[in-house]
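Please open the structure in your viewer and keep the selection tool at hand.

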Amino acid sequence: MSVKIRLRRTGKRNAACHRIVVADSRSPRDGRFIEIIGVYDPRHEFERIDLERVDYWIPRGAQPSETVSAIIKRARASQQSEATTAQA
């Protein structure tokens, strides 16, 4: 089973919102999924992702999509900056 971390579209027409899910690569975009690990709203520039679950799934063979990879990078960067700010 090939596992992907990808976006699942939710929301209304012309007002898309996405859930970040772990799913079998053979399932349709909005079909079955294994786990919801985050939320992405491009209209309001809101992102929330559970990095612990990402760290769980990636060593087990899950491949993030390009967009999800960018979201993960931004989340890790903000986590680093928060840790730096908390230490100062």
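This is a predicted model: local features need pLDDT of at least 70, side-chain atom pairs count only at pLDDT 80 or more; totals for chains, interfaces and linings use all residues.

**Stop 1**

Begin with a cartoon view and display the strands. Five of them form an open sheet, and their order across it is S4-S3-S2-S1-S5, with mixed pairing. Which strands stand at the edges? They are S4 (46-49) and S5 (63-64); each has a single partner strand, so one side of each is left without a neighbour in the sheet.

**Stop 2: strands S1 and S2**

Select residues 3-12, which make up strand S1, together with residues 15-24, which make up strand S2. The two strands run antiparallel and are joined by ten bridges. To see one of these pairings, select valine 3; its bridge partner in S2 is aspartate 24.

**Stop 3**

Next, select strand S3 (residues 35-41) and strand S4 (46-49). Their pairing is antiparallel and extends over four bridges. Valine 39 has arginine 48 in S4 as its bridge partner. Four residues lie between the strands of this hairpin, and glutamate 45 takes a positive phi near 55°.

**Stop 4: the ring of tyrosine 56**

Now display the side chains of tyrosine 56 and tryptophan 57. How many aromatic pairs does a search of the whole structure find? It finds one. The pair consists of tyrosine 56 and tryptophan 57 in an edge-to-face arrangement, with 5.3 Å from centre to centre and 90° between the planes. Are these two residues buried or exposed? Tyrosine 56 counts as partly exposed because its relative accessibility is 32%, whereas tryptophan 57 is buried, with a relative accessible area of 13%.

The charged end of arginine 53 sits over the ring of tyrosine 56, 4.4 Å from its centre. Arginine 60 also lies over the face of tyrosine 56, at 3.9 Å from the ring centre.

**Stop 5: salt bridges**

The structure holds five salt bridges, and three of them are visited here.

Arginine 53 is partly exposed at 27% relative accessibility, while glutamate 35 is buried at 18%.

Move on to glutamate 47 and arginine 74. They form a salt bridge whose closest N and O atoms are 2.4 Å apart. Here the link is between distant parts of the chain: glutamate 47 is in strand S4 and arginine 74 is in helix H2 (residues 66-87), 27 residues apart. Glutamate 47 is partly exposed at 31% relative accessibility, and arginine 74 is partly exposed at 42%.

Finally, select aspartate 55 and arginine 76. What joins their side chains? They meet in a salt bridge, at 2.6 Å from N to O. Aspartate 55 lies in helix H1 and arginine 76 in helix H2, so the pair ties together parts 21 residues apart in sequence. Aspartate 55 is partly exposed, with a relative accessible area of 41%, and arginine 76 is partly exposed at 30% relative accessibility.

Notes:
Residues are numbered from 1 along each chain as its sequence is written. Side-chain values use heavy atoms; hydrogens and water are left out. Two strands pair if DSSP finds at least two bridges between them. Rings of Phe, Tyr and Trp (its six-membered ring) pair if their centres lie within 6.5 Å; planes under 30 degrees apart count as stacked, over 60 as edge-to-face and the rest as tilted. Buried means under 20% relative accessible area, exposed over 50%, partly exposed in between (1.4 Å probe, protein chains only). A charge sits over a ring if NZ of Lys or CZ of Arg is within 6 Å of the ring centre and within 35 degrees of the ring normal. A salt bridge is a side-chain nitrogen of Lys or Arg within 4 Å of a carboxyl oxygen of Asp or Glu.
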